[in-house]
Amino acid sequence: MSKFEDDMQSLERLAADIKRNDITLEEALKDFEEGIKLSKSLEKELESIEGKVMKLMNNPDLPDDEPSGGTEADKPKKKTPAKPKSEGPLLDLFTPSGEINGTRNA
């Protein structure tokens, strides 16, 4: 099994541990901190893999470890997809008149 897969399993284990009813706050915080470190490491590895895939898609005849030649200015810039803004859950609690839904009998 690869390091990436091992780290994913560790992250899944930590997430399951945090959800236990019998875990202490200190243990949950420790697991959370470890999970954050693992997720950042996994994100970096995924970005590296994405870069390799993009390089192969742009020039499939070029082996991954072979330089493409040219200057830095000639090389395509890595484009990272825009991350969607997390606005949180959308709650439809109020009607346009400002009243809370479900509180008035119709």
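Buried means under 20% relative accessible area, exposed means over 50%, and partly exposed is anything in between, using a 1.4 Å probe and protein chains only. Keep that scale in mind, because at 18% relative accessibility D17 counts as buried.

**Before you start**

This is a predicted model, in which local features need pLDDT of at least 70 and side-chain atom pairs count only at pLDDT 80 or more, while totals for chains, interfaces and linings use all residues. Residues are numbered from 1 along each chain as its sequence is written, and side-chain values use heavy atoms, with hydrogens and water left out.

**Stop 1: the whole chain**

Switch to a cartoon view. You will find two helices and zero strands; helices (H or I, at least four residues) and strands (E, at least two) are DSSP runs, numbered from the N terminus. Of the 106 residues of the protein, 9% count as buried. Contact on this tour means heavy atoms within 4.5 Å. Among contacts with a separation of 6 or more, 40% come from residues 24 or more positions apart.

**Stop 2: the helix pair**

Select residues 3-18 for α1 and residues 25-58 for α2. Two packed helices are described by the angle between their axes and the distance between the axes. Here the axes come within 9 Å and cross at roughly 150 degrees. That makes α1 roughly antiparallel to α2. The axes are lines fitted to C-alpha atoms, for helices over the stretch in contact, and angles run from 0 to 180 degrees between N-to-C directions. Angles under 35 degrees count as roughly parallel, over 145 as roughly antiparallel, 65 to 115 as roughly perpendicular and the rest as oblique.

Which hand does the crossing of α1 and α2 have? The crossing is left-handed: that term applies if the near helix is turned anticlockwise from the far one by less than a right angle, and right-handed applies if it is clockwise.

**Stop 3: the contact between the helices**

Now show side chains. On the α1 side, select K3, F4, D7, M8, S10, L11, R13, L14, D17 and I18. They meet A28, D31, F32, E34, G35, L38, S39, S41, L42, E45 and L46 in α2. By class, this contact of α1 with α2 has ten nonpolar, four polar and seven charged residues. Ala, Val, Leu, Ile, Met, Phe, Trp, Tyr, Cys and Pro count as nonpolar, Asp, Glu, Lys and Arg as charged, and the others, Gly among them, as polar.

**Stop 4**

Centre on M8, which is found in helix α1. At 31% relative accessibility, M8 counts as partly exposed.

L11 is partly exposed at 23% relative accessibility. Leaving out residues up to four places away in sequence, L11 touches G35, L38, S39 and L42. L11 and D31 are 20 residues apart in sequence and 9.1 Å apart in space, C-alpha to C-alpha.

**Stop 5**

Time for the charged pairs. A salt bridge is a side-chain nitrogen of Lys or Arg within 4 Å of a carboxyl oxygen of Asp or Glu, and by this rule the count comes to four.

Select K3 and D7, which form one of them, with the closest N and O atoms 2.7 Å apart. Being four residues apart in helix α1, K3 and D7 are separated by about one helical turn.

**Stop 6**

Next, select R13 and D17, a salt bridge whose closest N and O atoms are 3.5 Å apart. Both lie in helix α1, four residues apart, about one turn of the helix. R13 counts as partly exposed at 43% relative accessibility. Leaving aside neighbours within four places in sequence, D17 is in contact with I23 and D31.

Finish with R20 and D22, whose side chains meet in a salt bridge (2.8 Å, N to O). R20 is partly exposed, with a relative accessible area of 35%, and D22 counts as exposed at 59%. Show all of R13, D17, R20 and D22 together: salt bridges that share partners join these residues into one network.
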